[in-house]
Amino acid sequence: MGRERKFTKKELFQKTRELLLEVGYEAFTFSLLSERIEASRATIYKYFNNKDDLITEFMIFEMNEFFDKLKRVETYHNFEEQFEYLMDVIFERTDIKDLIEITMHVQADSHHKAKENMEQFDSMRLKMYDCLQNFIVLGKKEKRLNENLPDTLILGFIFQSIAIPNHFNLPRSEWVQAIKEIIGHGIFKKH
């Protein structure tokens, strides 16, 4: 029997991301993943009991990386700079929304580790919004955001902007700039 191929957790998670985005939760299997990573299923089972444990741990890894970038928003000194940075981070990782939706299919109740991971994942999503509270406070202080709008609505609108379909396939930079313009200035023409 040949030597078992070694791989890093980061490499495993990269292939997990690719496969989940390609086939979705239902079709995702350790067999497909083992082909992608060029290792046996048994090797993957050494680290994870089932696909739910793997997917939830993968999502924690993804959210940690995304959260690390989001936290850097506070290194920018004014709201305009923070807004530009935040939009760049969001549009850099448009697949996060799809991955979060895939994670909602996880059967966490039937697996102890997956349940723990999902609780941690949910906590991280809340921490992400808490992290951006200072962004909202600054925007309202600088009179750039409407003080009458709920903070969670503003953040939800910004984060959901990546879900707007680009049906006419505008160049990505043009598309992102147009969305920034709509969020920052609305759709009405200034008189």
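What follows is a conversation about the helices, their packing and the pockets.

Tutor: A note before we start: this is a predicted model, in which local features need pLDDT of at least 70 and side-chain atom pairs count only at pLDDT 80 or more, while totals for chains, interfaces and linings use all residues. Residues are numbered from 1 along each chain as its sequence is written, and side-chain values use heavy atoms, with hydrogens and water left out.

Student: How many helices and strands are there in the protein chain?
Tutor: The chain has ten helices and zero strands. Helices here are DSSP runs of H or I with at least four residues, strands are runs of E with at least two, and both are numbered from the N terminus. Along the sequence the pattern reads α-α-α-α-α-α-α-α-α-α. The C-alpha trace spans about 75 × 35 × 30 Å along its principal axes.

Student: Why is H4 called roughly antiparallel to H5?
Tutor: Helix H4 (residues 51–71) and H5 have axes that come within 10 Å and cross at roughly 165 degrees. Axes are lines fitted to C-alpha atoms, for helices over the stretch in contact, and angles run from 0 to 180 degrees between N-to-C directions. Angles under 35 degrees count as roughly parallel, over 145 as roughly antiparallel, 65 to 115 as roughly perpendicular and the rest as oblique. The angle of roughly 165 degrees therefore makes H4 roughly antiparallel to H5.

Student: Which residues meet where H4 and H5 are in contact?
Tutor: Phe66, Lys69 and Leu70 of H4 meet Tyr85, Leu86, Val89 and Glu92 of H5, where contact means heavy atoms within 4.5 Å. By class, this contact has five nonpolar, no polar and two charged residues. Ala, Val, Leu, Ile, Met, Phe, Trp, Tyr, Cys and Pro count as nonpolar, Asp, Glu, Lys and Arg as charged, and the others, Gly among them, as polar.

Student: What makes H5 oblique to H10?
Tutor: The axes of helix H5 (residues 79–92) and helix H10 (residues 172–185) come within 11 Å and cross at roughly 135 degrees. That value falls among "the rest", so H5 is oblique to H10. Among the contacting residues are Phe83 and Met87 in H5, and Val176 and Ile179 in H10. This contact has six nonpolar, one polar and five charged residues.

Student: And why is H1 oblique to H6?
Tutor: Helix H1 (residues 9–27) packs on H6 at an angle of about 60 degrees, with the axes 10 Å apart. That angle makes H1 oblique to H6. Arg17, Leu20, Leu21 and Tyr25 in H1 meet Asp95, Asp98, Leu99 and Ile102 in H6.

Student: Is the crossing of H1 and H6 left-handed or right-handed?
Tutor: The crossing of H1 and H6 is left-handed. A crossing has that hand if the near helix is turned anticlockwise from the far one by less than a right angle, and is right-handed if clockwise. The crossing of H5 and H10 is right-handed.

Student: What is the volume of the second largest pocket?
Tutor: The second largest pocket has a volume of about 260 Å³. On a 1 Å grid over the protein atoms alone, a pocket is an open set of points with protein on both sides within 12 Å along at least five of seven lines, and lining residues have an atom within 4 Å of a point. Grid points are joined across faces, edges and corners, and a volume is the space filled by probe spheres (1.4 Å probe) set on the points. Its lining has 13 residues, with Lys97, Ile100, Met128, Phe159 and Gln160 nearest the centre.

Student: Which helix gives the most to the lining of the largest pocket?
Tutor: H10 does, with seven residues. About 470 Å³ of space lies in the largest pocket.
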